[in-house]
Amino acid sequence: MGSLDLSGRKALVTGGAQGLGEGMARALAAAGAKVVISDIQKDLGEKVADALDQEYGDGNGFVAHDITDDGDWENAVVAANDILGGLDILVNNAGVEITSLLTEVTADQIRKMLEVNILGTTLGIKWGLRTMRPEGLAGQGGAIINVASVAATIAFPGIAVYSATKSAVDRLTRVAAMESGKLGYGVRVNCIYPGLVPTAMGAGLANDVAQLGLFESPEAAVAAVVGLTPSGRLGEVSDIADAVVFLASNEARFITGIGLPVDGGMGM
């Protein structure tokens with residue numbers, strides 16, 4: 001984005017080892033923030049953190065982190081605070097999508113999406129607020145950005161449970177913003193609804209819905225998404241990452257409790 005300055009800011013990005021999370025971490029670092037990558041993928045996460053150090057200066061880091069574990073969350077925010085000397089940006093990006101028709105979805109698949117997308121995000125909000133509020137470990141206020149999905153706003157076949165979990169992220173965001181404001185935490189809480197981006201997850205979805213017989217081919221599935229998008233294209237990682245930088249920045253200082261579509265108009 002370039003014009004937004006996050007110098008001196010300190011960020012934790014979950015699921016930052018690849019895909020959208022890596023793009024968000026890089027965009028935050030490019031804007032001047034120091035970033036800790038959190039992920040269950042240790043080797044990939046450490047590689048991204050090292051790359052941030054090389055490209056944007058030392059001071060970034062990595063923490064191994066299962067977002068569905070309460071103790072892991074406490075360890076992650078303490079580690080981020082130690083590495084960065086504070087924490088005032090949290091991006092709850094880590095998530096999972098398992099494509100299935102409702103007639104075929106298994107209890108284990110449902111539990112997996114509920115645990116990662118809802119439980120994991122809820123724990124992230126919990127520890128973000130506890131860390132950033134005045135009596136918290138970092139105690140300087142800040143911004144939490146949760147990653148929902150355009151799937152929360154449309155009825156796309158094959159992703160019912162995923163869509164439901166991302167709708168939950170929206171509701172969590174708004175209540176968290178209200179609690180933060182009422183209790184004087186000084187933490188803004190917002191979420192974004194990314195459109196389809198051709199990351200590994202996005203490509204996997206296109207393949208999956210074709211295999212389920214919902215579209216003739218993965219290419220037809222992508223064409224259908226583009227056809228629903230007034231902007232006439234898929235999203236790019238930078239499109240989503242720049243929105244995160246904006247919501248984390250001082251330019252968004254009077255914005256809290258919103259869901260920002262970053263989907264080229266697909267969900268309107």
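Which residues of helix 6 are buried? The views below take up this question, together with helix 5.

**View 1. The buried side of helix 6 in the predicted model.** Gly-202, Leu-205, Ala-206, Val-209 and Ala-210 are the buried residues of helix 6, where buried means under 20% relative accessible area, exposed over 50% and partly exposed in between, with a 1.4 Å probe and protein chains only. They lie on the same side of helix 6 because they cover an arc of only 130 degrees around the axis, the arc being that of the directions from the helix axis to the C-beta atoms. The face turned away from this buried side carries the exposed residues Ala-200 and Gln-211.

**View 2. Helix 6 and what follows it.** Helix 6 comprises 12 residues, 200-211, and reaches 16 Å from its first C-alpha to its last, close to the 16 Å expected at 1.5 Å a residue, that is, 1.5 Å times one less than its number of residues. Its buried residues pack against helix 7 (218-227), and helix 6 is followed by Gly-213, whose phi is positive, near 85 degrees.

**View 3. Helix 5 and its cover.** The buried residues of helix 5 (residues 160-182) include Val-161, Tyr-162, Val-169 and Ala-176, and what covers the buried residues includes helix 4 (107-132), strand 5 (142-147), strand 6 (187-194) and helix 6. Just after helix 5, Gly-184 takes a positive phi of about 70 degrees.

**Notes.** Helices (H or I, at least four residues) and strands (E, at least two) are DSSP runs numbered from the N terminus, and contact means heavy atoms within 4.5 Å. Residues are numbered from 1 along each chain as its sequence is written, and side-chain values use heavy atoms, leaving out hydrogens and water. In this predicted model, local features need pLDDT of at least 70 and side-chain atom pairs count only at pLDDT 80 or more, whereas totals for chains, interfaces and linings use all residues.
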